[in-house]
Amino acid sequence: MGKPDSAKASAFVQQPLLRWAILLMLAAIFAVLVFPRSAPVYDDYRVGDVAQKDIKAPRDFFIEDTRATEEKRREVEQTVQMVYDLDSQRLAILSEQVRQAFARMHDALIAERQRRELEEARQLSGTGGGVPPREPVALRETFARELGVVVDPEAFNLLTAAGFDESIADCIVAIASDILENGVVTSKEMLLREAGRGIVLRDIATQKERVVYDLEKLYAFDEAKAMVPELGEPLLKDIDPSLKAVIVDLTQLLIQPNITLNRSESAERRRLAMESVKPVLYQIKAGEMILREGERVTPVHLVKLKASRPESDRRQGIRQSLGAGLLLFCLLAVLNIVGLRRSTDFERAPLRNLVFMAAVLLLFFVLARLTLVLANGLGQVQPLGLTSAAVFFGMPLASGAMLVCLFFGLDLALATAVVLSVTLPLIAPERFPLVFYFLLNGALGAYWMQHCRERRAFITAGVRLALLNLVLVSAIALHTWSGNGVELLWCWGLAMMGGLGAGIVAAGLAPLVELAFGYTTDITLLELANLDRPILRQLMMEAPGTYHHSMIVGTLVEAAATEIGANPLLAKVCGYYHDIGKIKKPLYFIENQREGKNPHDKLAPSMSKRILVAHVKDGAEMARKHKLGRAIVDTICQSHGTSLISYFYERARQIHGEANVNPDDYRYPGPRPQTREAGLVMLADVVEAASRTLENPTPSRIKGLVHNLINKIFSDGQLDECELTLRDLNQIAKSFTKILTGIHHHRIEYPERSETDGRGKNGRSDRQSPEPSADRERKAGSAGQGHLRRLGMSRG
């Protein structure tokens with residue numbers, strides 16, 4: 001049998017480590033919020049502010065001369081040599097490339113000559129038909145591909161005529177060697193900028209480096225090409241001028257720069273050199289004036305102020321923030337042990353509820369921190385006499401306790417008010433009187449939010465808080481009176497704004513919390529209790545019997561919930577919606593059947609059981625679709641628990657035999673009721689359905705039926721997981737009996753009159769004489785077969 005989502009979450013969060021981890025994380029965030037307060041007041045100065053007092057150096061200290069440091073870094077940067085990469089393998093690759101290309105062409109020409117001689121011999125002997133010679137174009141393309149350059153057809157013909165002699169390749173390699181060994185760069189203009197400090201030449205293959213200062217000797221790319229005829233003249237003086245020109249052209253095409261600038265390595269070396277420069281410092285002596293009163297703050301002043309703060313202050317700030325976080329953790333730990341674990345509402349979904357509580361506390365911690373920043377800023381300017389102390393009275397801190405009360409009741413709300421008020425001095429120093437202020441208005445704000453069933457209750461609570469805040473501010477002013485009447489007026493005004501703002505903030509946040517955490521307030525329940533809602537009207541039109549049954553169930557559970565101290569509004573709304581799943585197949589439930597036609601007569605018991613069970617799942621899906629809330633969805637799933645569908649179980653036993661039928665197959669999937677409200681709906685559902693089967697519903701019979709059914713459900717263990725006690729069950733039975741007795745009361749029989757008056761026997765055209773009890777019993781017997789069938793069909 002399945003467990004509800006809340007039960008799974010409860011099982012998950014029962015592990016102590018997870019619960020404590022959330023509290024520890026909240027304390028850590030609070031410590032971070034507290035930490036900035038340890039900084040001196042003059043840290044709040046900005047460039048252009050006017051100093052409020054003289055500030056002298058508390059000790060000897062050094063500060064950095066940023067301008068001198070920057071100049072020194074630029075000087076060091078100018079001394080860093082640029083890094084150029086030398087491709088020492090380019091010459092070897094070029095030499096191998098040229099020699100292989102010429103050798104292959106030479107071999108190709110020899111092969112072509114031999115083939116032609118063989119063909120000529122065949123033609124003389126008359127045995128050959130002729131083989132076409134190899135195209136010169138194909139050989140030229142092969143040669144160009146081998147060298148990696150474009151070869152002119154005329155140049156290729158001259159090389160072919162020379163037989164691609166190896167001496168030609170040697171000349172090309174020799175000229176290229178002279179040029180590449182000297183070095184060829186892409187841009188000599190950029191290179192010559194480094195003439196004064198030289199360059200670092202790094203061999204790519206060996207990673208060896210050397211410094212080169214004579215940069216003029218290196219060839220630019222264009223210079224290298226121009227040097228080819230000059231360097232080749234001694235080697236080519238005995239060669240035909242046409243072939244000589246071809247060799248020069250090929251060499252120029254083959255030469256590429258073998259020295260390139262490595263920008264990334266050069267930049268990295270400059271960065272490292274600049275970082276290695278130590279800051280230039282100058283000393284400020286103890287007692288030296290840093291900032292004079294009335295003087296405008298400059299960037300230099302800010303540097304001195306920052307440097308004047310001793311490291312011990314920073315360590316002290318860290319200790320204070322850690323101590324504040326630890327204090328909050330201890331407070332939350334006590335709240336967790338004493339309060340949260342004893343709250344049954346909280347423990348139904350502890351993970352979700354703990355996250356909500358943490359979110360509320362964190363939100364108002366941040367609000368307090370932002371208020372401190374605002375107060376410090378206004379305190380320096382003091383527009384129209386507004387002081388920093390007055391700003392705190394306008395903080396709507398009470399809305400945190402009001403929100404918690406709205407969803408979890410007064411006990412947890414009071415604990416929230418305590419936490420928020422006692423942690424405020426840790427965030428805002430020298431604000432101890434505010435503890436009493438926020439403790440009292442938070443506690444009373446939560447008190448006034450009890451049983452909130454209308455949205456105007458937020459405004460009403462806000463108005464009351466505003467008046468309360470006036471009294472509290474007046475009391476604090478008497479205790480700490482400074483004689484400033486303007487400040488008192490500001491405190492009164494902001495205190496009233498804080499009270500009204502608390503109600504407005506709580507009203508604005510409540511729907512967001514409902515949406516984010518799946519909670520349901522009494523305000524939402526009142527909206528759901530409106531019988532004109534589409535889902536209830538659909539139930540009335542398509543399943544009128546179920547609608548009437550649900551209305552009576554709602555009445556029963558509302559009265560019983562009031563007697564035992566449960567939530568009567570939640571119980572009533574759950575009673576209204578607990579059977580909405582019957583809308584999909586209304587005629588399969590006896591209260592909606594007409595003319596004695598029962599579709600179950602043609603179905604196997606197992607199929608009937610599936611139809612009856614399906615209305616629970618259908619109801620939960622419809623509740624989710626119409627956004628009825630998590631509480632109502634859970635109650636729909638729990639309203640039948642794991643009870644036995646006895647009517648169809650008995651039919652199955654009669655058809656298949658007791659040994660072949662498993663009673664667990666004829667139970668609802670559950671879960672069992674987890675709340676008192678869900679337990680009430682289960683009890684009222686059974687009792688209301690069974691009360692319809694009483695042939696003569698006297699008070700004693702109704703009382704006996706109610707007690708019998710409640711005892712049966714209790715003995716079946718359906719109430720084991722909810723919080724209903726034996727005392728509660730007794731009160732519930734009394735409440736059910738009272739209401740059902742009123743519903744099934746007897747009417748008096750009017751005296752018969754002559755039919756000649758045209759109004760019938762009872763004197764009224766809208767009344768029929770009551771039937772004798774024997775007739776009633778006979779008709780009741782024909783309509784059903786006792787309590788079992790009635791209970792089974794209506795419980796479906």
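The axes of helix H25 (residues 568-577) and helix H27 (residues 630-638) come within 9 Å of each other and cross at roughly 55°. Here, axes are lines fitted to C-alpha atoms, for helices over the stretch in contact, and angles run from 0 to 180 degrees between N-to-C directions. H25 and H27 are therefore oblique to each other; angles under 35 degrees count as roughly parallel, over 145 as roughly antiparallel, 65 to 115 as roughly perpendicular and the rest as oblique. Leu 570, Val 573, Cys 574 and Tyr 577 of H25 make the contact with Ala 631, Ile 632, Thr 635 and Ile 636 of H27, where contact means heavy atoms within 4.5 Å.

Before going on, a word on the model. This is a predicted model, in which local features need pLDDT of at least 70 and side-chain atom pairs count only at pLDDT 80 or more, while totals for chains, interfaces and linings use all residues. Residues are numbered from 1 along each chain as its sequence is written, and side-chain values use heavy atoms, with hydrogens and water left out.

A second helix pair can be set beside the one above. Helices and strands are DSSP runs numbered from the N terminus (H or I, at least four residues, for helices; E, at least two, for strands).

| Helix pair | Angle between axes | Axis distance |
|---|---|---|
| H25 and H27 | roughly 55° | within 9 Å |
| H29 and H30 | about 135° | 10 Å |

The angle of about 135° between H29 (residues 676-691) and H30 (residues 699-715) makes H29 oblique to H30. In H29, Met 682, Leu 683, Val 686, Val 687, Ala 690 and Ser 691 meet Leu 705, Val 706, Leu 709, Ile 710 and Ile 713 in H30.

Now let us look inside. The protein has 33 helices and 10 strands, and buried residues make up 44% of its 796 residues. Buried means under 20% relative accessible area, exposed over 50%, and partly exposed in between (1.4 Å probe, protein chains only). In helix H17 (residues 398-408), 11 of the 11 residues are buried, so H17 is largely enclosed by the rest of the structure.

A nonpolar core is a set of buried Ala, Val, Leu, Ile, Met, Phe, Trp, Tyr and Cys residues joined through side-chain atoms within 4.5 Å. The largest one has 72 residues, and Phe 356, Phe 365 and Tyr 437 touch the most other members. Helix H15 (residues 350-381) gives the most to this core, with 11 residues. A second, separate core of 56 residues includes Met 551, Ile 632, Val 681 and Ala 684.

Which residues does Thr 423 touch, not counting those up to four places away in sequence? They are Phe 30, Leu 328 and Phe 365. Thr 423 sits in helix H18 (residues 410-427) and counts as buried at 2% relative accessibility. A polar atom of its side chain lies 2.7 Å from the backbone oxygen of Val 419.

Finally, some backbone details. Most residues other than glycine have a negative phi, and most peptide bonds are trans. Gln 207, which is not a glycine, has a positive phi of about 60° and is partly exposed, with a relative accessible area of 46%. Lys 627 also has a positive phi, near 55°, and counts as exposed at 71% relative accessibility. A cis peptide bond joins Gly 670 and Pro 671, with omega about 10°; Pro 671 lies in the loop between helix H28 (646-656) and H29.

Conventions: Polar contact = N/O pair within 3.5 Å; in protein donor to acceptor, adjacent residues only side chain to side chain.
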